Amino acid sequence: MILAIDMGNTNIVIGCIDSDKTYFAERITTNHNKTGMEYAINIKNILEIHGIDTAKIEGAILSSVVPPLNAAISSAVKKILGYHPMLVGSGIKTGMNILMDNPKTVGSDMIVDAVAAIRDYPSPIIIIDMGTATTMSVVDQAGNYIGGVILPGLRVSLDSLSRNAAQLPDISLDIPKKVIGKNTIDCMRSGIMYGNAGMIDGIIDRMEAELGQKASVVATGGLSRFIVPLCRHKIVYDEALLLKGLLILYEKNKGNV
């Protein structure tokens, strides 16, 4: 069993996973003001809630798109386990060619998702990750990471709409029953939910046209579960995709730590 951590701009996903199962996956808020000790308390409490014996954790790995917090999280893990986590970044073995203008600039979460998707789904693959940003990555028939798109996240779009339009309120992300809303809240909810679903469907069509063939489509991330049911394409929702990718990378690189 390993401790796998994915640090995003809004949330930090913390989980324990091995080759047999995912023991848990929890989210805490990304907070730039927290110290390593505060994060250590958060992580330790989560492990205790799920009954995880730290002696049975053989290693740890961290994927991060928030570099200023890497030291705090690494320090937190060391306080709990006695060693720093492996960090996903330049030089880590992925077993995947990254055919980008500058591979080092690709978000670590996008790479981790792709590594897991290649193992579990037929190529070519389109991987959707809906968090603070919505990313759609593409793996070609040969298993190469060839690029993708980055879009404003669902929550970012909704918050911007409420903040910049004086008469539009904050709303929840409940799935609307129909597209044509009968009041302001239903109109906003329908617009943001079906709008994102339509956007994803449209981009999938264009990506498949560029690939010249149909692709497996897999979605992950905290907000995907709201949008996937509204899409017209067949999309597999894989909640643990990123944790599975972190386990694969840990196994590939543990001899180099």
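User: Which residues are linked with Arg119 in a network of salt bridges?

Analyst: Let's start with the general idea: side chains of opposite charge can pair when their charged atoms come close. A salt bridge here is a side-chain nitrogen of Lys or Arg within 4 Å of a carboxyl oxygen of Asp or Glu. In this structure, such bridges link Arg119, Asp120, Asp238 and Lys244 in a network. One of the pairs is Arg119 with Asp120, whose closest N and O atoms are 2.8 Å apart.

User: What should I know about the model before reading on?

Analyst: This is a predicted model, so local features need pLDDT of at least 70 and side-chain atom pairs count only at pLDDT 80 or more, while totals for chains, interfaces and linings use all residues. Residues are numbered from 1 along each chain as its sequence is written, and side-chain values use heavy atoms, leaving out hydrogens and water.

User: How many salt bridges does the structure hold?

Analyst: Eight. Another of them joins the side chains of Glu58 and Lys254, at 3.9 Å from N to O. That pair links distant parts of the chain, 196 residues apart: Glu58 is in the loop between helix 1 (36–49) and strand 4 (59–64), and Lys254 is in the segment after helix 7 (241–253). Lys254 also forms a salt bridge with Glu251, with the closest N and O atoms 3.0 Å apart.

User: Is Glu58 buried, partly exposed or exposed?

Analyst: The terms go by relative accessible area: buried means under 20%, exposed means over 50%, and partly exposed lies in between (1.4 Å probe, protein chains only). Glu58 is partly exposed at 45%. Lys254, at 39%, is partly exposed, and Glu251 has 38%, which is also partly exposed.

User: In what order do the strands of the open sheet lie?

Analyst: Helices (H or I, at least four residues) and strands (E, at least two) are DSSP runs, numbered from the N terminus. Two strands pair if DSSP finds at least two bridges between them. Here five strands form an open sheet in the order 8-7-6-9-10, with mixed pairing. Strand 8 (145–152) and strand 10 (236–237) are the edges, each pairing on one side only. Strand 6 (residues 125–130) and strand 7 (residues 133–139) run antiparallel, joined by six bridges. Ile128 stands opposite Met136 in strand 7.

User: Which strands does helix 3 lie across?

Analyst: Contact means heavy atoms within 4.5 Å. Axes are lines fitted to C-alpha atoms, for helices over the stretch in contact, and angles run from 0 to 180 degrees between N-to-C directions. Helix 3 (residues 108–120) lies across strands 6, 7, 8 and 9 (216–220), at about 135 degrees to strand 6. Helix 5 (residues 184–211) lies across strands 6, 7, 8 and 9 too, at about 155 degrees to strand 6.
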